[in-house]
Amino acid sequence: MLQPELSEEDLLQRTGRGDARAFEQLYDRIAPRLFGLLRQMLSDEREAEDMLQDGFVQLWSRASDFDPSRSKAFTWAVMIFRHKAIDRMRALGRRNRLVESAALEHATLASPAQAGADDEAEAGERGTLVREALNDLPKEQRQLIEFAFLKGLTHHVIADSLGIPLGTVKTNIRRGLLRLRDLLKGGI
Amino acid sequence: MDERHEELAALNALGMLESDEKRVLNGASVADKELRDLSTELELTAAELARLIAPVEPPADMKRRIRAKMRSSGVKGAGLSRGFVLGGIGWALAAALAVASVWLWQDREKLVQQVAAVSRAMATVASTIPANATTEKKETRNIEEELKSLRSDFETKKAALSTEIEALRKRETDANARIAQLVAEAEALKQQEARSQLQIATLQSKVWEYRRSEMIVVWDGYKRQGVLMLDKMPRVDAGKDYQLWVVDPNKPDPVSAGVVTVDDKGVAKTAFKPVDAVGETVKFALSVEKKGGVPKNEGPIVLVGP
């Protein structure tokens, strides 16, 4: 019987060693946030479910590659699922256009007010730190990063969609992400 | 690493790059560890944002679907479902056997997975290295061609400069020689000028017939030669000639400077040089001698001076 206090990193490492129970427990811990991400990115319930299914199959296969000294289990998993979602968007031809007319308004990460108490607890201290770091960015940088993160569009499409010069998009993304990295440094 | 690469890494972290831009980033990352590290850091930073996503409970049958997918895909994880599929007291023995089977299966599958992982890694390396190698070879070729071109230009310019330098050196040598020659000539002229002792002498006569006559001698004491100019000279008798004499105080007799022929107007102008060596400071005399002159003064002196 697995101990409940096992960290996500422990669970992922055990998964990498073929521990099915650890895999299931890891699923229970991270699947809701990953599903929420996929729904936001794909704007399609069915597509999000398919990507969640494929993503966990891939996570099982690649878990042995996970190195806890380089990243957290959750961020490592997010990278797998985002790449899959972006590949899927590309295959569906969605990467070069906005699906929703009001995409920008919906493309924001949940604020503390929007998130419930359980969600906040699930996000944990790290989530609070990320929230504070993101809020520390200038508004134009924060909005662009959130939009880019959630929509998986190319910078050309984002510039066209938002009516912002391409150079401004690039600069804000670069500066914002570097700043965010610095703020989170040491905890990734 | 420049800003452009930072930009590419940042855009890549958010999945914003086009395929060609992604290739540029991958190509640059091959030789730039700093860029590789930055890309990883930024990807992980971006992934952290997912912590702010509002969780959504997946469908209840998602675990079953995942197991089904793993089985249909031949992924070794088919074994992970056994705990659910064979759950129940009546199946305890079967479950125990199943657990053992799963353990053995997973052990075997672990090896298979490792082999597969190595194969994938090798395939990735194999698919990456040739592309990178091709790119690097191409870049190397470009650099080599550029170097070759630069070297060729350099050699051409070097040869042209060498020729020019050689020509300039020759001109400098010629100019130095010419300067030396001019300096020598100037020096010679200076010496000549220093040694030059021109003397202008006016000869006079006490003879009545020659009272109106004018005789001027320009004498160069250095060269021991001079010019004689006569005017208003009386015509000499037939069988006679004027003869010029240079009188050197150190010599017992005047030295002949030649016969002087006067025209119908009584004018004569002629250069002269004494037949024997004389000193620098001399006097002059003009006498009337036998036709053609004589080696030693015989006739009357009509003019003398200075």
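Visitor: Leaving aside its neighbours within four places in sequence, which residues is Phe56(A) in contact with?

Guide: Contact means heavy atoms within 4.5 Å, and by that criterion Phe56(A) is in contact with Phe23(A), Tyr27(A), Ile30(A), Ala31(A), Leu34(A), Phe81(A) and Ile66(B), once its neighbours within four places in sequence are left aside. This is a predicted model, in which local features need pLDDT of at least 70 and side-chain atom pairs count only at pLDDT 80 or more, while totals for chains, interfaces and linings use all residues. Residues are numbered from 1 along each chain as its sequence is written, chains are lettered from A and ligands numbered from 1 in the order in which they are written, and side-chain values use heavy atoms, with hydrogens and water left out.

Visitor: Which residues touch the most other members of the largest nonpolar core?

Guide: In soluble globular proteins, nonpolar side chains tend to be buried together. A nonpolar core is here a set of buried Ala, Val, Leu, Ile, Met, Phe, Trp, Tyr and Cys residues joined through side-chain atoms within 4.5 Å, where buried means under 20% relative accessible area, exposed over 50%, and partly exposed in between (1.4 Å probe, protein chains only). The largest such core has 79 residues, of which Leu34(A), Leu52(A), Phe56(A), Leu59(A), Ile173(A) and Leu14(B) touch the most other members. Helix α2 (residues 20-42) of chain A gives the most to this core, contributing 12 residues. Another core, of 24 residues, lies apart from it and includes Met215(B), Val217(B), Val255(B) and Ala268(B).

Visitor: How many helices and strands does chain B have?

Guide: Helices (H or I, at least four residues) and strands (E, at least two) are DSSP runs, numbered from the N terminus. Chain B has six helices and eight strands, and from the N terminus on its elements run α-α-α-α-α-α-β-β-β-β-β-β-β-β. Of the 306 residues of this chain, 31% count as buried.

Visitor: What does pLDDT say about chain B?

Guide: The quantity is the predictor's confidence in each residue, from 0 to 100. Chain B averages a pLDDT of 80, with 79% of the residues scoring at least 70, but the value stays under 50 over residues 81-102 of chain B, for which the model has 13 contacts beyond four places in sequence.

Visitor: Which side chains meet in a salt bridge at 4.0 Å, N to O?

Guide: A salt bridge is a side-chain nitrogen of Lys or Arg within 4 Å of a carboxyl oxygen of Asp or Glu, and the structure holds 24 of them over all chains. The pair at 4.0 Å is Arg46(A) and Glu49(A); being three residues apart in helix α3 (residues 45-62) of chain A, they are separated by about one helical turn. Arg46(A) counts as exposed at 54% relative accessibility, whereas Glu49(A) counts as buried at 11%.

Visitor: Where in chain B do Glu214(B) and Lys232(B) lie?

Guide: These two residues form a salt bridge, the closest N and O atoms being 3.9 Å apart. Glu214(B) lies in strand β2 (residues 214-220) and Lys232(B) in the loop between β3 (225-231) and β4 (240-247) of chain B, so the pair ties together parts that are 18 residues apart in sequence. Glu214(B) counts as partly exposed at 41% relative accessibility, and Lys232(B) likewise counts as partly exposed, at 47%. Elsewhere, salt bridges that share partners join Arg46(A), Glu49(A), Asp50(A) and Arg65(B) into one network.
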